[in-house]
Amino acid sequence: MERIKKNFGFGFMRLPMQDGEVDIAETNRMVDAFLDAGFNYFDTAHGYLQGKSEKTLKTCLTSRYLRDRYILTDKLTENFFKTEADIRPVFESQLEACGVDYFDFYLMHSQCSENYGHFKACRAYETAFALKEEGKVRHVGISFHGRPELLEQILTEYPAIEVVQIQFNYVDYDDPSVQSRKCYEVCRKFNKPVIVMEPVKGGNLVKLPDDARAVLDALHGGSLASYAIRFAAGFPGMLMVLSGMSTLEQVQDNISFMKDFKPLDETELAAIAKVQEIFRSKNLIPCTGCRYCTDGCPKQIAIPELFATMNAKQIYHDWHTDYYYNAVYALPGHKASDCVKCGKCESVCPQHLPIRQLLENVANEFEKKEA
């Protein structure tokens, strides 16, 4: 980890496209600008850009620069292995695709309650630790999209994990559907360095509602992205903040405020707090997350999380909310549509919410049947 030069990394997942293919010339310019400014951390995965990310990284980075110029992270994704025997061939194909003979970081990808059992059954963690012993991986970690309780379980069961990548931004910080703060606190409890993904929430924090944008514009400081990235980078224990950049202009903007990084000052933090409050005020379901409703639920439906996910969907209209619904909170047997309408939840809800009807609305939004 000592070879990492700065706390800002280049995520190879939203590269510039032209006619369905990666724009290699523009990506080369982006990589050059990033390295020339003194940064050296790159992040990829086998499935990014429909399988084009690793090969593009070879074309634009590893074939053009010596190995000591960059830090490279790749990930083991559940879709690409069915058994323990599949893992090493996948790993070797990743090395080949990237044009390297080792990865600086190798992460168990997108760990959540839906796939953790598969990784355990296939001894994926043990295989990664063995690859480290063989010198093909420098550091083993996880990227995580789940509940803090599961993160604590993973770090307890696999104490040799060296780093944790979590979704972390100022909107998700206290959002009950993502629980960034609680996941971060688990990382701190286990003394694990944190890599931040989605600091700009998939670009949504540069597409703010007008009233939220006005608060940050009034600072007369940096770009909207700068406040989001600096917010995430300013917490103790943050090893790296990633950005999936799509244009040279984005690279140049991010370099401008991360080259000589300074955390948000008190005035900027106060503005962020106002923006957070604006987002909270837009919640269409006024659930406070007290969890009284979940105690007696016979189907163990994660009602507050589903409501928070529904709210996020209404604000952002992006794929992240569908992911959290399907992979993290609405597991088989515990979906919104599994509600038996017993009414126990409504009898104890301090907000007197029509929970049964709201769950129907959630099911209609996230469980749409294919025609």
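Start your tour by selecting helix H9, residues 224-233: 10 of its 10 residues are buried, so the rest of the structure largely encloses it. "Buried" here means under 20% relative accessible area, while exposed means over 50% and partly exposed is in between, using a 1.4 Å probe and protein chains only. Helices (H or I, at least four residues) and strands (E, at least two) are DSSP runs, numbered from the N terminus.

Before you click on, know that this is a predicted model: local features need pLDDT of at least 70, side-chain atom pairs count only at pLDDT 80 or more, and totals for chains, interfaces and linings use all residues. Residues are numbered from 1 along each chain as its sequence is written, and side-chain values use heavy atoms, with hydrogens and water left out.

**Around H9**

Colour the buried residues of H9, among them Tyr-227, Arg-230 and Phe-231. What covers them? Show E1, strand E9 (194-197), helix H8 (210-217), E10, H10 and helix H11 (266-281), which are included in the cover. A contact, by the way, means heavy atoms within 4.5 Å.

**The largest pocket**

H9 also supplies at least two residues to the lining of the largest pocket, as do strands E6 (103-111), E8 (163-167) and E10 (238-243) and helices H10 (248-258) and H14 (319-329). H14 gives the most, with four residues. The pocket holds about 1,000 Å³ of space. To find its centre, select Met-13, Arg-14, Glu-198, Trp-319 and His-320, the closest to it of the 45 lining residues.

How is a pocket found? On a 1 Å grid over the protein atoms alone, it is an open set of points where a 1.4 Å probe fits, with protein on both sides within 12 Å along at least five of seven lines; lining residues have an atom within 4 Å of a point.

Next, pick Ile-4, in the segment before strand E1 (8-11). Is Ile-4 buried or exposed? Ile-4 is buried, with a relative accessible area of 13%. Leaving out residues up to four places away in sequence, Ile-4 touches Asn-40, Tyr-41, Ile-71, Phe-105, Leu-239 and Met-240.

Now hop to Thr-27 in helix H1 (residues 24-36). Thr-27 is buried too, at a relative accessible area of 0%.

**Rings**

Show the aromatic side chains: the whole structure has 27 aromatic pairs. Rings of Phe, Tyr and Trp (its six-membered ring) pair if their centres lie within 6.5 Å; planes under 30 degrees apart count as stacked, over 60 as edge-to-face and the rest as tilted. Zoom in on Phe-34 and Phe-42: their ring centres are 5.2 Å apart and their planes at 70°, so this pair is edge-to-face.

Then try Phe-168 and Tyr-184, a tilted pair at 5.6 Å centre to centre with 55° between the planes. Phe-168 sits in the loop between E8 and helix H7 (180-189) and Tyr-184 in H7, so the pair ties together parts 16 residues apart in sequence.

Last stop: Tyr-102. Arg-67 lies over the face of Tyr-102, at 4.0 Å from the ring centre, and Arg-138 lies over that face at 3.6 Å. A charge sits over a ring if NZ of Lys or CZ of Arg is within 6 Å of the ring centre and within 35 degrees of the ring normal.

Conventions: Points joined across faces, edges and corners; volume = space filled by probe spheres on them.
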